[in-house]
Every structure is written in C-alpha cells, then in structure tokens.
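The following explanation leads through one protein model, beginning with a single residue and ending with the chain as a whole. Please keep the sequence and the structure in view while reading.

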Amino acid sequence: MNKNTNAPLILVVEDSVLVAMAIEDALQMRGFSVVVASTLAGARELIERRLPTAALLDLQLPDGMSLDLALQLHQMGCSVAISSGFERNSIPEGFEFAAQFHKPVSPDILAEWAGLIAVS
C-alpha cells in the first residue's frame with residue numbers, strides 16, 4: 001500500500017493475487033494510494049477506514065458477487081469500475097454508473113481509467 005495520504009485512494013478488490021499486484025503496481029506508478037482486498041468482507045473493512053476515490057471491483061469473489069458493494073460505493077460518491085470474465089451482459093441493468101471491463105484487461109487500462117476519474 002502506498003502511504004501517500006494526499007494521493008487519491010483507489011480500492012482494488014480482486015481475488016487473484018497476481019492480477020491484484022499488477023493493478024496495484026500500475027496505479028502506484030501513476031502516484032495513487034492503493035488498498036487491496038481479495039474478498040467483499042475485506043473490502044468493507046477497508047471502506048470503513050477511508051472512502052476511496054475510485055474502486056476497481058472483480059465481479060465474482062470468493063464470498064459473493066460485488067454488485068451490492070458497487071452500489072454501496074456509488075451511493076457514497078465513489079467512482080466504480082467492474083471487471084468480469086463472464087459474458088458482456090453479466091452485469092445487470094441498473095449498474096450503468098459503473099465502468100465495465102471484460103477480463104482479461106490490462107492493468108494499465110484500469111489505471112488510466114482511475115487517472116481520468118481522479119482528475120474529474
């Protein structure tokens with residue numbers, strides 16, 4: 001985790017350790033502060049400590065789908081992106097607020113999205 005508290009905080013929720021590390025590296029190279037969780041429960045604990053500027057969520061996690069978390073974050077004012085290896089229509093209607101990425105997606109593309117969100 002990058003300790004720069006002045007930098008926008010990005011929450012990465014990804015159950016693949018290697019994918020999470022690659023995304024974290026791409027974000028930190030762009031100057032973001034990053035927190036990573038591999039489960040919904042872990043993500044909720046991190047959110048209680050500090051609301052992120054943006055969140056990159058894997059759709060399917062070991063303890064459930066991230067849709068409720070995405071909606072909660074959105075309602076709290078956090079920008080949300082959801083990535084999924086499922087069919088493109090696997091994210092139901094009502095989640096148009098979330099940027100949607102189909103896996104595999106480059107960590108650099110996700111970091112670029114976060115960069116666009118952080119400056120807007």
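S83 lies in strand β6, which covers residues 79-84. In this predicted model, S83 has a relative accessibility of 9% and is therefore classed as buried, the limit for that class being under 20%. Leaving aside residues up to four places away in sequence, the contacts of S83 are L57, D58, L59, F101 and K103.

The aromatic side chains may be considered next. A pair of aromatic rings is described by the distance of the centres and the angle of the planes. One aromatic pair is counted here. Its members are F95 and F97, whose ring centres lie 5.6 Å apart; because their planes meet at 45°, the pair is tilted. F95 is buried, at 11% relative accessible area, whereas F97, at 24%, is partly exposed.

The protein as a whole contains four helices and seven strands. Read from the N terminus, the order of elements is β-α-β-α-β-β-β-α-β-β-α. The radius of gyration is 13 Å, close to the 14 Å that the globule rule gives for 120 residues, so the protein is as compact as a globular protein of that length. The C-alpha trace spans about 35 × 30 × 25 Å along its principal axes. Of the contacts with a separation of 6 or more, 63% join residues 24 or more positions apart.

Of the 120 residues, 42% count as buried. The accessible surface amounts to about 6,400 Å², and carbon and sulfur atoms contribute 54% of that area. Among the side chains, 7 are positive and 14 negative, with the centres of the two sets 7 Å apart.

Definitions and conventions. Residues numbered from 1 in each chain as written. Predicted model: local features only at pLDDT ≥ 70, side-chain atom pairs only at ≥ 80, totals over all residues. Heavy atoms only, no water. Helix = DSSP H or I, 4+ residues; strand = E, 2+ residues; numbered from the N terminus. Buried < 20%, exposed > 50% of the residue type's maximum accessible area, 1.4 Å probe, protein only. Contact = heavy atoms within 4.5 Å. Phe/Tyr/Trp six-rings, centres within 6.5 Å; stacked < 30°, edge-to-face > 60°. Rg over C-alpha atoms; globule rule 2.2 N^0.38 Å. Areas by Shrake-Rupley, 256 points an atom, 1.4 Å probe, with all protein chains shown as cover. Lys, Arg positive; Asp, Glu negative; His and termini not counted. Charge placed at Lys NZ, Arg CZ, Asp CG, Glu CD.
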